[in-house]
Amino acid sequence: MDALRALPSVHQLLEEEAAAALIAAHGRPLVRFAVQRVLDDERRRATTDSAVARWALIEATIQALRRPRLRPVINATGVILHTNLGRAPLAAAAAEAAARIAGRYSTLEFDPRTGKRGKRHDLVADPLRYLTGAEAAAVVNNCAAAVLLMLTALAKGKEVIVSRSELVEIGGGFRMPDVMHLSGARMVEVGTTNRTRAEDYRTAITPKTAAILKVHASNFQVVGFTETVELKPLAALAHQHQLLLLHDLGSGSLIETAGYGLAAEPRTQDSLQAGVDLVAASGDKMLGGPQAGLLLGRAELVERVMKHPLARAVRVDKLTIAALTATLDLYLTQSFKDLPVWDMIGASPESIAARARAWQSRLSELGLVVEVAPGESAIGGGSLPGERLPTSLVVITAARGSATDLLRRLREHEPPVIGRIEQERVLLDPRTVLVGEDDLVVDAIARALS
């Protein structure tokens, strides 16, 4: 009790010299809040801290509030589209376009030619139509929203047929059956987990059927005794019965992945050419742009979907449109090397090995020993499951503590370096480390090992 009586008041602390510097840097209200919190903590503990310790805690409280939770990290995991790390890093042109538009007024929903209100999704429609062959295009805030909007606007209260092999769940617990239920459409499952035939779809059609939904298995594989119906015959079946064929494509690649030594990933334009009426795809996966959901297909369907009230709830902002426009421009000029995702995918094993050896050499000059070993990178982000790219890994064995401790010290670096652990060794993959980040990685390793 005597210790508590010795506690200074909030007012007394705010009048001290130490408070003046903090108030100048952070403002009086925030400093007062931190002082009150620290004093409350001392009362709960029934102890009093020294003046030095108290002011250190006050400053730490302020810094904790002001430190951004969203901040850059260095991805050394070897997973190119790492969902937890923000998926595709934007091209420099896309980041600059978003920054350029962020602090100014813009033509977001204004047509300077007519002086009248415009539609924000029209701003990216032309390049999307050119690149995919779609009659019309629109953009919402992600692919899940695009699928939900598409089903709600076109099939609410009606039946939608989907193969049991395509009732997917992706990261975050996003399940296709749940989305279907939320849209108000009635899901009709056909086929089995491993085999679905055209006849399965045909026999499920009733007068209440509105559409057939094809879902790309973007984050898993079914191998062995399997059978699926390709898009072209499925489109013919749907149109024969005056039904829509909708496609949740997921990753939304515009490039032939086979040219990069990977398995074929369905392209958006391939779906449309096969007869799909409306495609939903992601902007931040294989496209390499910002988080967005693309809706591409027949003009009357895109218009109908975008007139639905739900469209306003899932619309994109000006920063997304600016970044997406700049990303699409790189596709228009085929400047694929300027897209970080495709630059990483296309990096040669030799170039990656050279970077790994350069890190090793610089660390050796500091008296630190690391190994370079062959390994594999992954595409990630629910794209091309099972596909691996040959890479070279920097392998670090902790001289003190465990591999988990070493990985934690790398994460405590500024910026944090994110790697992975295998067999009690920390592995860092240069493939996913952006150009210009090598010095930071070497510094992080050196500090973590010191």
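Let's start with strand β6. Glu 159, Ile 161 and Ser 163 point one way from β6, Val 160 and Val 162 point the other way, and all are buried. Buried here means under 20% relative accessible area; exposed is over 50%, and partly exposed lies in between, with a 1.4 Å probe and protein chains only. The strand covers residues 159-163, and five of its five residues are buried. Strands, by the way, are DSSP runs of E with at least two residues, helices are runs of H or I with at least four, and both are numbered from the N terminus.

A word on the source. This is a predicted model, where local features need pLDDT of at least 70 and side-chain atom pairs count only at pLDDT 80 or more, while totals for chains, interfaces and linings use all residues. Residues are numbered from 1 along each chain as its sequence is written, and side-chain values use heavy atoms, leaving out hydrogens and water.

Now the neighbours of β6. Two strands pair if DSSP finds at least two bridges between them. β6 runs parallel to strand β9, residues 186-190, with five bridges. There, Glu 159 has Arg 186 as its bridge partner. β6 also runs parallel to β10, joined by three bridges. Ile 161 sits opposite Ile 212 of β10.

Move on to β10, residues 209-215. It pairs with β11 in the parallel sense, over five bridges. Ala 211 faces Leu 244 of β11.

How many residues of β11 are buried? Seven of the seven, residues 244-250, so the strand is largely enclosed by the rest of the structure. Leu 244, Leu 246, Asp 248 and Gly 250 lie on one side, with Leu 245, His 247 and Leu 249 on the other. β11 pairs in parallel with β12, residues 278-282, over four bridges. Leu 246 is opposite Leu 278.

Next, the cores. A nonpolar core is a set of buried Ala, Val, Leu, Ile, Met, Phe, Trp, Tyr and Cys residues joined through side-chain atoms within 4.5 Å. The largest has 60 residues, and Ile 212, Ile 345 and Ile 379 have the most contacts inside it. Helix α15, residues 318-332, gives the largest share, eight residues. A second, separate core has 37 residues, including Cys 143 and Leu 246.

Take Ile 345. Leaving aside residues up to four places away in sequence, it touches Tyr 260, Met 286 and Ile 379, among others. Contact means heavy atoms within 4.5 Å.

Tyr 260 also has a ring partner. Rings of Phe, Tyr and Trp (its six-membered ring) pair if their centres lie within 6.5 Å; planes under 30 degrees apart are stacked, over 60 edge-to-face, the rest tilted. The count is two aromatic pairs. In one, the rings of Tyr 260 and Trp 342 have centres 4.9 Å apart and planes at 50 degrees, so the pair is tilted. Tyr 260 is in the loop between β11 and α12, Trp 342 is in helix α16, and they are 82 residues apart. Trp 342 is buried at 2% relative accessible area. Tyr 260, at 24%, is partly exposed.

Last, an open sheet. Five strands run in the order β2-β14-β15-β18-β17, with mixed pairing. β2 and β17 are the edge strands, each pairing on one side only.
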